[in-house]
Amino acid sequence: MGELRKGYILDQWVIIAAKRGKRPHEFKTEAAPAATGTDYFAPGNETFTPPEIGRIPAGKGWKMRWFENKFAALQPEGEPHVRTDNDFFTFANNYGHHEVLVETPDSRQLWDLDMDDYVTLLGVIRDRINALSQQPNIKYVSAFKNHGPGGGTSIIHSHMQVMATAVLPQRVQDKVNAVRRFVSDPYERIIAIEAKGLRRAFENDAAIAFCPYASRFNFEAWVFPKKFCRTLDEVGDLRPLAAALQHVVHKLKELNCSYNIVLHYAPAGTDLRLHFEVLPRIAVWAGFEFSTGIIINSVPPEDAAAFYRGEA
């Protein structure tokens, strides 16, 4: 029998409808066709991208580099302030910044990178968030990764994106509002509970990954520092957090699945606890999900966590 579950702090409902007997390898996605044509993110092709903002050098080349998105969804021009006409029509220009962060010069994917690469990547994300947050009219900087066709990317070369917006994203605002309903940080108690239960996926001295109680996605996992941190600046030593994220992503290679990674941190003046959400894109949402907002998940988070622990 399945279950109807509500998210920890958000009014978000999920139906856990396990497919009995289905093992993790049965969720594995077929290998994608090999890339063809020019790899615009590869060394030697730097002139195909917009001017470089920065790089992590390696020998005569680079380890990581970042630049404006050639097809940016946001531009630092026009009117950033939202206004409403005739009660119903609220709008502004698509003001902001949109950057691409190339994670590796070669054909490896994020799940192939080593620990030092993950530490470096988190450091670059931290620095780009800090830099873009200082730009005029910016309210929030979203760092995220799209991997595979189901994750919304058409470029195979491994990369992340960073988008700075003149409005606070609604999902982040919803989390901020939900946290404020508690006397103290609710995630402190959530982490303590999940660290002792069947949904724990990975743990070290300073970070933890677990599969959330009301997971929306097959094999969804959240990664938190154990100490209270609003931003990556407050994390300090990034290695434990990088290790937890690396463990989860490396396990996803066994499924060869599309996925997204999103980072949520505290907007200025709030106490939202920083965390990553790793969202495998194995199942397709259909009419029920879009008509009700209730998600059907066929992989119980308890089973997903066993997979991440190497027990399934």
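Two strands count as paired if DSSP finds at least two bridges between them, and helices (H or I, at least four residues) and strands (E, at least two) are DSSP runs numbered from the N terminus. In this sense strand 2 (residues 13-16) and strand 15 run parallel and are joined by three bridges, with Ile-16 standing opposite Asn-297 in strand 15.

The structure is a predicted model, in which local features need pLDDT of at least 70 and side-chain atom pairs count only at pLDDT 80 or more, while totals for chains, interfaces and linings use all residues. Residues are numbered from 1 along each chain as its sequence is written, and side-chain values use heavy atoms, with hydrogens and water left out.

Another open sheet has ten strands in the order 3-4-7-9-8-13-14-12-11-10, paired antiparallel. Its edge strands, strand 3 (52-58) and strand 10, each pair on one side only, and neighbouring strands of this sheet are turned by 15 degrees against each other on average, direction ignored. Within the sheet, strand 8 (residues 140-147) and strand 9 (residues 159-165) pair in the antiparallel sense over five bridges, and Ser-142 has Met-163 in strand 9 as its bridge partner. Helix 5 (residues 239-252) packs on the sheet and touches strand 10, strand 11, strand 12, strand 13 (259-264) and strand 14, its direction making about 170 degrees with that of strand 12.

**Helix 3**

Buried means under 20% relative accessible area, exposed over 50%, and partly exposed in between (1.4 Å probe, protein chains only). In helix 3 (residues 186-194), Pro-186, Tyr-187, Ile-190, Ile-191 and Glu-194 are buried. Seen down the axis of helix 3, these buried residues fall within an arc of 130 degrees, so they line one face of the helix; the arc is that of the directions from the helix axis to the C-beta atoms. Arg-189 and Ile-193, on the other side of helix 3, are exposed.

Contact means heavy atoms within 4.5 Å, and the partners in the table leave aside residues up to four places away in sequence.

| Residue | Relative accessibility | Contacts |
|---|---|---|
| Pro-80 | 10% | Ala-92, Tyr-95, Asn-137, Ala-166 |
| Gln-246 | 14% | Leu-113, Asp-114, Met-115, Tyr-118 |

Pro-80 is placed in the loop between strand 4 (61-68) and strand 5 (83-85), whereas Gln-246 lies in helix 5.

**Nonpolar cores**

A nonpolar core is a set of buried Ala, Val, Leu, Ile, Met, Phe, Trp, Tyr and Cys residues joined through side-chain atoms within 4.5 Å. The largest has 74 residues, and those with the most contacts inside it are Ile-125, Leu-245, Leu-263 and Tyr-308. Helix 1 (residues 115-133) gives the most to this core, with nine residues. Among the residues that Leu-263 touches are Ile-125, Ile-129, Tyr-140 and Phe-276. A second, separate core of five residues includes Phe-41, Trp-62, Val-100 and Val-102.

Methods:
Axes fitted to C-alpha atoms, helices over the stretch in contact; angles between N-to-C directions.
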